[in-house]
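Please look through the structure below before reading on.

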Amino acid sequence: MRFEVLELNGGVTPVDVDIDEVVIGGWTGRNAADVQHHIDELAAIGVPGPSTTPLFYRVAANLLTQSAFIQTVGDGGSGEVEAVLIGTADGILVVVGSDHTDRKAEAWSIAHSKQLCPKPVSRQAWRLEDVLAGWDDIRLESAQERDGATIEYQSGQLSACRRPEEMVRLYTGDDALPIGTALFLGTIPVMGELKGGDAFAMRLVDAAHNDRVLGHAYRVEALPVVA
C-alpha cells in the first residue's frame, strides 16, 4: 500500500508498506461520560456493551483499502471517522480512516461485525511526529449522503480520544508500532441517529498547521442478502 506523506515543508514523500495487521481500537474515549454515551447509542440498536475499555479488535489485513468504492452485504452498515496510525520503515504515519461496520451483526458480535466490512483509509498521510504537539486540537469530521442529500454526521476533536502514544503502548506493550500494522484509534459520537448512507466522507483537520486536511470519501454498494 502506498501513502503520500505531506511534509511540513510542502513536499510529498511516497511511502510503501505491506499491511499485515489491522487493529480496531474500540471504546477509546478519554471522558468516561462520552464512552458511556457511545455504549448507550449502540445499546439502543441492540449492541451489548464491552467487557473492558479500551478493546482491540483484529480484522483481516486485506480489509484495509484506499478505494473510493466498497461493497457490503445488505444495507445495515455505517462508517465512522477515525485517526489511524500506520507503522512503516519510515516512521509512524497518520491517515484518516473509517471503521465501516455492519450494525445489524453488532447486535450479536462486535468482533464479527467489524470483520464483515472493508476499512477505507486515505492515500495522503502526515508524520506522527509532526502532529503530536497539536494532536488534541486536530478535528475529526464526517458526512453521509442519504437519498441525494448531504448529512453532517460527526464533528469533534481528537482530545475526545486517548492519545496515540497511549494506544500504541496499550496494544503493543511498547512505544513502537510494528511495521505493517494499522491501528485505528477510535471515534467520536454521531450527531443524530446512528445509521448508514449511500456515501461517506471523512477528514482530519490539523489546526496547528493552517488547517491542512487529510480527507477521503467512498461510496457504498449494498449487495443483496440471499438465502
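In which strand does Gln 154 lie? Gln 154 belongs to strand 14, which covers residues 149-157; strands (E, at least two residues) and helices (H or I, at least four) are DSSP runs numbered from the N terminus. The model is a predicted one, in which local features need pLDDT of at least 70 and side-chain atom pairs count only at pLDDT 80 or more, while totals for chains, interfaces and linings use all residues. Residues are numbered from 1 along each chain as its sequence is written, and side-chain values use heavy atoms, with hydrogens and water left out.

**Gln 154**
- Gln 154 counts as buried because its relative accessibility is 1%, where buried means under 20% relative accessible area, exposed over 50% and partly exposed in between, with a 1.4 Å probe and protein chains only.
- The side chains of Gln 154 and Ser 142 are joined by a polar contact of 2.9 Å, that is, a pair of N or O atoms within 3.5 Å, of which, within protein, one must be able to donate a hydrogen and the other to accept it, and residues adjacent in sequence count only if both atoms are side-chain atoms.
- A polar atom of the Gln 154 side chain also lies 3.0 Å from the backbone nitrogen of Val 81.

**The nonpolar core**
- The largest nonpolar core has 57 residues, and Leu 85, Ile 86, Trp 135 and Leu 204 have the most contacts inside it; such a core is a set of buried Ala, Val, Leu, Ile, Met, Phe, Trp, Tyr and Cys residues joined through side-chain atoms within 4.5 Å.
- Strand 8 (residues 81-88) gives the largest share of this core, five residues.
- Leaving out residues up to four places away in sequence, Trp 135 touches several residues, including Ala 83, Leu 85 and Leu 185, where contact means heavy atoms within 4.5 Å.
- Leu 185 sits in the loop between strand 15 (181-184) and strand 16 (199-206), and Leu 185 is buried, with a relative accessible area of 2%.

**The largest pocket**
- The largest pocket holds about 260 Å³ of space, a volume being the space filled by probe spheres set on grid points joined across faces, edges and corners.
- Of its 17 lining residues, the closest to the centre are Asp 75, Gly 76, Gly 77, Gly 196 and Gly 197; a pocket is an open set of points on a 1 Å grid over the protein atoms alone, where a 1.4 Å probe fits, with protein on both sides within 12 Å along at least five of seven lines, and lining residues have an atom within 4 Å of a point.
- Strand 17 gives the most to this lining, with three residues.
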